[in-house]
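Visitor: I have a structure to look at and some terms to learn. Can we go through them one by one?

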Amino acid sequence: MTPPGIGRIAVIGGGPGGLYAAALLKRLGPGREITVWERNAPDDTFGFGVVLSDETLGGIEQADPVVYRALRDALVRWDTIDVVHRGETLTSGGHGFAATGRRRLLRILHERCASLGVRLRFGTEAPPAAELATSHDLVIAADGVHSLTRKAHAGHFRPTVTTHHNRYIWLAAGFALDAFRFEIAETEHGVMQLHAYPFAPDASTVIVEMREEVWRAAGLDTCGTAESAERCAEVFAEALGGRPLRSNNSSWLTFATVTNARWSHGTTVLLGDAAHTAHFSIGSGTKLAVEDALALAACTEEHPDLLTALAAYEAERRPAVLSTQRAAAASLRWFEDLPLYVDQPPRRFAFNLLTRSRRVTHDNLRLRDPGFTGAVEEEFGCPPDTPPMFTPLRLRGLELRNRVVVSPMDMYSAVGGLPADLHLVHLGARALGGAGLVMTEMVCVSPEGRITPGCTGLWTDEQNGAWSRITRFVHDSAPGTAIGVQLGHSGRKGSTRLMWEGIDQPLEEGNWPVTAASPLPYAPGVSQTPRALDRAGLATVRAQFTDAARRAARSDFDLLELHCAHGYLLSGFLSPLTNRRTDAYGGTAAKRLRFPLEVFDAVREVWPADRPMTVRISATDWAEGGTSAEDSLAVARAFARHGADAIDVSTGQVVPDERPEYGRSYQTPYADRIRNAVGVPVIAVGAISSWDDVNSLLLAGRADLIALARPHLYDPHWTLHAAAEQGYAGPGAPWPLPYRAGSRTPPTGRGDHPGPRLTLS
């Protein structure tokens, strides 16, 4: 019985997603009239192999056992990954892959559609979606990355298509590899990489990828398909055993990431690459399209009308797709930045590659292949039975017993700049909680340098004494925990209300004048217009920082961090969006750096030589025309040359119209790039919450320290609990003596119920 309202269905595009959607919808409504338009012939296809996950195969098995059985018999399975670099092959097992030929998959779906009565019109251009919508109840636009449907209705779908930097080509080899193989070739023209996997007993997909400039330097931009295949086979001759590569009308491509603000327009809906794309390095294009088809078919059954079903389809699929796209973007960037990593030790390099998308982590890789992970840990320097996060790190004369940092968090609870009992409890509790380094909030160097009236300071000796009380508690009650002070000046973001009263909103009364690099208000029409600092003002601010640093030293802080991020005063000099000066302190990146470096040098001169200094920066402004990747590297290099012991890499909060790309550990790529390009230790921060992610980032060489803020608000003993959950009880996370009785995870319920003894029938 055909469900009401969806009698005629048009499918534009005969790829796996469109065909599978047609088959499922026909199964659910045998009386439906479903037509698939495909402009190519049945055997015309790009690429060679298709990788499917066990999860996707499980969904297919449940929805259509006929397709599943045909696929099952066609699959090639393997569970190892080989990483080949500088003559060394490192193998990791336990991964579980399944692949088949794209032509084989299409034949299975063609046969299934034909058997169900779906009309397949090959070699036929589909009528426009708007025309089809007048005679069909549902139009499924599965017309790929270059979707004409999406283009025709761009005003409604609101697509964004982002083209990336690397060039790649799909090729095939006439033999089956025994593992998923990643191989790096360092040629005279630059770094090239191979991604290859088997898809049939006698065939493997081979993708060759490189940066645009390498592709041009190698002359591949002038090569035809056949010559490109020959050249790639020469570069990777060892991997191929001297065998040739073949093409399928292949050409060199740049990957395009597709997103859409909406996935449906009336009764027309986007599916697969027409709606979204994910980089091939995590093998998800066909997987996503098939899962789209499963969800779309299910939603049409579960909801009373089509428009509600299409909204439900998008609501269900969008979060999963966005998660995959974030992982794919991380993987894509890793391969674009591959030259940064080629000098890593071999096992770290392999681990870095395997965990690049953050979907594979230290913990699950240890479960999959404990031998491989153990070798990576040994190369990293982990003592026996010690997770990476509990290895020590030395910065100058300070040895941190573990790699966990309690990130600076403003409490907005001071009076007259004096830290209160709340600060003692806040910082003291987190010191007792096991972190290697506990950081204060931004401590302001002057009354006018405060963000709010509730900000702490170090411009008086009384404040000096109050901070000494806190550092004394940490050193006496949590021996081995270091405490650091972050010094800063609010700049144009000062004289505002407490965060919970209206973040960045001016005080209703009692405002003080604010200063900045340039007379630009933070929020035009809302914030004060700051006074641009002249030479005398610059000298005054520099002296305020050095006076505060002297007091910090007398307060017995172990580390000092200079706050040059988040749009505060020193950050305002660094960003081209906030520094419009025409004197020696504005213009080029070097000139914008001048005053922050002067302050750093002045502070470093009075800060004890054996105590480390770090600098927090915003590595991007998340806004057009703001700090670029090259700018952030220049800033990090400059501070490192002047003696910074580590760079604390944050992002944004410089301008109010920023558009951050939020997601799990979303700022880490900026720390990673600085660490591996500049060679300076870095602190990674931002949406990192699990100890597994901490271990993964450290072991991959993306960071040296990990700063966590909100997880420590949720759990002041986050580090000790992470140790307990990993079964670690070593010197990197000692429990305070009064707390030692609580060092084991408490039971959560009864465990004494007898199990079943007999099974009777």
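Visitor: How many salt bridges does the count come to?

Guide: This is a predicted model. The count comes to 32 salt bridges.

Visitor: Why is the contact of Glu33 with Arg8 called a salt bridge?

Guide: The cut-off is 4 Å between a side-chain nitrogen of Lys or Arg and a carboxyl oxygen of Asp or Glu. The closest N and O atoms of Glu33 and Arg8 are 2.8 Å apart. That is within 4 Å, so the pair is a salt bridge.

Visitor: What does the pair of Glu33 and Arg8 tie together?

Guide: Glu33 lies in strand β2 and Arg8 in strand β1, so parts 25 residues apart in sequence are tied together.

Visitor: What makes Glu33 partly exposed?

Guide: Buried means under 20% relative accessible area, and exposed means over 50%. Glu33 has 33%. That falls in between, so Glu33 is partly exposed.

Visitor: Which residue does Arg396 meet in a salt bridge?

Guide: Its partner is Asp645, at 2.8 Å from N to O.

Visitor: Why do Asp631 and Arg592 count as a salt bridge?

Guide: Their N to O distance is 3.6 Å. The rule asks for within 4 Å, so the pair qualifies. Asp631 is in helix α22 and Arg592 in helix α21. Both residues are buried.

Conventions: Residues numbered from 1 in each chain as written. Predicted model: local features only at pLDDT ≥ 70, side-chain atom pairs only at ≥ 80, totals over all residues. Heavy atoms only, no water. Helix = DSSP H or I, 4+ residues; strand = E, 2+ residues; numbered from the N terminus. Buried < 20%, exposed > 50% of the residue type's maximum accessible area, 1.4 Å probe, protein only.
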